[in-house]
Amino acid sequence: TIFGIHPLLLADAVHVPQLPKSEPAEGYLFVVARFESGEPGAGDNYTEQVSLFIGSGWVVSVQERSDPDVFVPIMTRLEDRRSRIRKSNSDYLGYALLDLVIDSHFSVLEVGLEDIAMRELVAVNETEHGDFPLLQRLRTNATARVRLLRRQRQAVQSLIRTAESSSLVDAATLIFLRDCLDHSNEQVELAEQLVESIRNLRDLHMALLDQRLNEIMRVLTVI
């Protein structure tokens, strides 16, 4: 290829899905990440693969789908001649793309936690039992998200270790990459909190259901 990208890595970029990862190559860095493309609050996992090849003076990105273009905000920043991304080297552009992909998960996690908190408030005043199939689906999806975000965090950690000894990444950009790792750590904590919240909500529904069944049995016993 024109950028000397290895065929096996190119195959990883176009054959989806791949788990998030980071690999050093001869003359460039290769990163696979997952972009959150679902609607916040939907409760399902809608992610698409984004692959980045970061070389000296160039960056190649490969998206799983072309619509929507996840990198529109980056393109807008590139059009501004005064922006940092326009004045920096390709390593900073690679960071900016990766940062956008990682941060896409925040809204889904935050809305998910708010949704479960609201369901807990409603559960206390419900006259019917909870939707257990829905809770099980939410828990399954949340658990899968934890595994995905942990793997994505490992990819960022691997990228930083490689970048620390690579001439492709400036010391200034390393600071921003470590900020990406902070975001990944925060997302894993939020995802784990979401799983625990769903488990607690299910336990609450079970306790309330048992309480109501006991009340019914007492009434029937009196009758």
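Student: Which residue stands opposite Leu 52 in β4?

Tutor: Strands here are DSSP runs of E with at least two residues, helices are runs of H or I with at least four residues, and both are numbered from the N terminus. In this structure Ser 61 of β4 stands opposite Leu 52. Likewise, Val 50 stands opposite Gln 63 in β4. This is a predicted model: local features need pLDDT of at least 70, side-chain atom pairs count only at pLDDT 80 or more, and totals for chains, interfaces and linings use all residues. Residues are numbered from 1 along each chain as its sequence is written, and side-chain values use heavy atoms, with hydrogens and water left out.

Student: How many bridges join β3 to β4?

Tutor: Two strands pair if DSSP finds at least two bridges between them. Strand β3 and strand β4 (residues 58-63) run antiparallel and are joined by 6 bridges. They form a hairpin with 2 residues between them, and Gly 57 in the turn has a positive phi of about 90 degrees.

Student: What joins β2 to β3?

Tutor: Strand β2 (residues 28-36) is joined to β3 by 9 bridges, and these strands also run antiparallel. Leu 29, for example, has Ile 54 in β3 as its bridge partner.

Student: In which order do the strands stand in the sheet?

Tutor: The open sheet has 4 strands in the order β1-β2-β3-β4, with antiparallel pairing. β1 (21-25) and β4 stand at the edges with a single partner strand each, so one side of each has no neighbour in the sheet. From one strand to the next, the twist averages 20 degrees.

Student: Which strands does helix α1 touch?

Tutor: Contact means heavy atoms within 4.5 Å. Axes are lines fitted to C-alpha atoms, for helices over the stretch in contact, with angles from 0 to 180 degrees between N-to-C directions. Helix α1 (residues 7-14) packs on the sheet and touches β1, β2, β3 and β4, its direction making about 150 degrees with that of β3. Helix α4 (residues 90-103) lies across β2, β3 and β4, at about 170 degrees to β3.

Student: Why is β3 largely enclosed?

Tutor: Buried means under 20% relative accessible area, exposed over 50%, and partly exposed in between (1.4 Å probe, protein chains only). In β3 (residues 47-55), 8 of the 9 residues are buried, so the rest of the structure largely encloses the strand.

Student: Is His 183 buried or exposed?

Tutor: His 183 counts as buried because its relative accessibility is 19%. His 183 lies in helix α7 (residues 171-222). Leaving aside neighbours within four places in sequence, its contacts are Asp 99, Ile 102, Asp 103 and Phe 106.
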